[in-house]
Amino acid sequence: TSQECPNCGAITGKKALSERVHRCDSCGNIEPRDTASAKVIENRGKNAVGLTVLENARGGDLTGIDRVKLGRSS
(Lines give C-alpha, C1' and ligand atoms only; values in the text may rest on other atoms or scores of the structure.)
Protein backbone atom coordinates (compact mmCIF):
# COMPACT_ATOMS: atom_id res chain seq x y z
CA THR A 1 0.00 0.00 0.00
CA SER A 2 2.93 2.35 0.54
CA GLN A 3 3.80 2.15 -3.18
CA GLU A 4 0.42 3.46 -4.38
CA CYS A 5 -0.87 7.02 -4.32
CA PRO A 6 -4.28 7.21 -2.61
CA ASN A 7 -5.13 10.37 -4.56
CA CYS A 8 -4.49 9.28 -8.16
CA GLY A 9 -3.57 5.58 -7.96
CA ALA A 10 -0.11 6.03 -9.48
CA ILE A 11 2.62 3.61 -8.42
CA THR A 12 5.21 5.66 -6.57
CA GLY A 13 7.79 2.91 -6.07
CA LYS A 14 9.35 1.14 -3.14
CA LYS A 15 10.26 3.25 -0.13
CA ALA A 16 12.76 2.67 2.64
CA LEU A 17 11.16 2.20 6.07
CA SER A 18 12.86 5.40 7.18
CA GLU A 19 10.96 7.38 4.52
CA ARG A 20 7.87 8.53 6.46
CA VAL A 21 6.30 10.87 3.88
CA HIS A 22 4.33 9.85 0.78
CA ARG A 23 5.12 12.01 -2.25
CA CYS A 24 3.49 11.47 -5.63
CA ASP A 25 5.22 12.92 -8.68
CA SER A 26 2.08 12.31 -10.79
CA CYS A 27 -0.42 14.42 -8.85
CA GLY A 28 1.72 16.22 -6.25
CA ASN A 29 0.00 14.60 -3.25
CA ILE A 30 2.11 14.82 -0.06
CA GLU A 31 1.03 13.35 3.26
CA PRO A 32 2.30 11.07 6.04
CA ARG A 33 3.10 7.61 4.71
CA ASP A 34 0.85 5.77 7.18
CA THR A 35 -2.09 8.04 6.35
CA ALA A 36 -1.58 7.48 2.64
CA SER A 37 -1.44 3.70 3.13
CA ALA A 38 -4.64 3.76 5.20
CA LYS A 39 -6.39 5.69 2.42
CA VAL A 40 -5.22 3.16 -0.17
CA ILE A 41 -6.74 0.37 1.95
CA GLU A 42 -9.97 2.36 2.30
CA ASN A 43 -10.11 2.95 -1.47
CA ARG A 44 -9.55 -0.74 -2.19
CA GLY A 45 -12.36 -1.70 0.18
CA LYS A 46 -14.79 0.73 -1.40
CA ASN A 47 -13.90 -0.50 -4.88
CA ALA A 48 -14.28 -4.13 -3.83
CA VAL A 49 -17.75 -3.56 -2.47
CA GLY A 50 -18.81 -0.89 -4.90
CA LEU A 51 -20.67 1.12 -2.28
CA THR A 52 -19.76 3.06 0.82
CA VAL A 53 -20.80 1.72 4.22
CA LEU A 54 -23.49 4.41 4.48
CA GLU A 55 -24.89 3.49 1.07
CA ASN A 56 -25.08 -0.15 2.15
CA ALA A 57 -26.75 0.78 5.45
CA ARG A 58 -29.40 2.81 3.61
CA GLY A 59 -30.19 -0.10 1.28
CA GLY A 60 -29.16 1.62 -1.93
CA ASP A 61 -29.14 -0.73 -4.92
CA LEU A 62 -28.90 -3.97 -2.95
CA THR A 63 -29.03 -6.33 -5.91
CA GLY A 64 -29.62 -9.93 -4.94
CA ILE A 65 -30.68 -9.09 -1.37
CA ASP A 66 -34.29 -9.34 -0.27
CA ARG A 67 -35.24 -5.98 1.27
CA VAL A 68 -37.98 -7.63 3.32
CA LYS A 69 -35.33 -9.60 5.22
CA LEU A 70 -33.69 -6.30 6.08
CA GLY A 71 -36.88 -4.94 7.63
CA ARG A 72 -37.92 -2.90 4.61
CA SER A 73 -40.96 -3.36 2.47
CA SER A 74 -40.73 -2.74 -1.28
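Q: Why is R44 called partly exposed?
A: R44 has a relative accessible area of 43%. Buried means under 20%, exposed over 50%, and partly exposed in between, using a 1.4 Å probe and protein chains only. The value of 43% therefore makes R44 partly exposed. This is a predicted model, in which local features need pLDDT of at least 70, side-chain atom pairs count only at pLDDT 80 or more, and totals for chains, interfaces and linings use all residues. Residues are numbered from 1 along each chain as its sequence is written, and side-chain values use heavy atoms, leaving out hydrogens and water.

Q: What makes the pair R44 and E4 a polar contact?
A: The side chains of R44 and E4 are joined at 2.8 Å. A polar contact is a pair of N or O atoms within 3.5 Å; within protein, one must be able to donate a hydrogen and the other to accept it, and residues adjacent in sequence count only if both atoms are side-chain atoms. The distance of 2.8 Å is therefore within the 3.5 Å cut-off.

Q: Which polar contact does the side chain of K15 make with the side chain of T12, and at what distance?
A: The K15 and T12 side chains make a polar contact of 2.8 Å. The K15 side chain also reaches the backbone oxygen of S2 at 2.4 Å.
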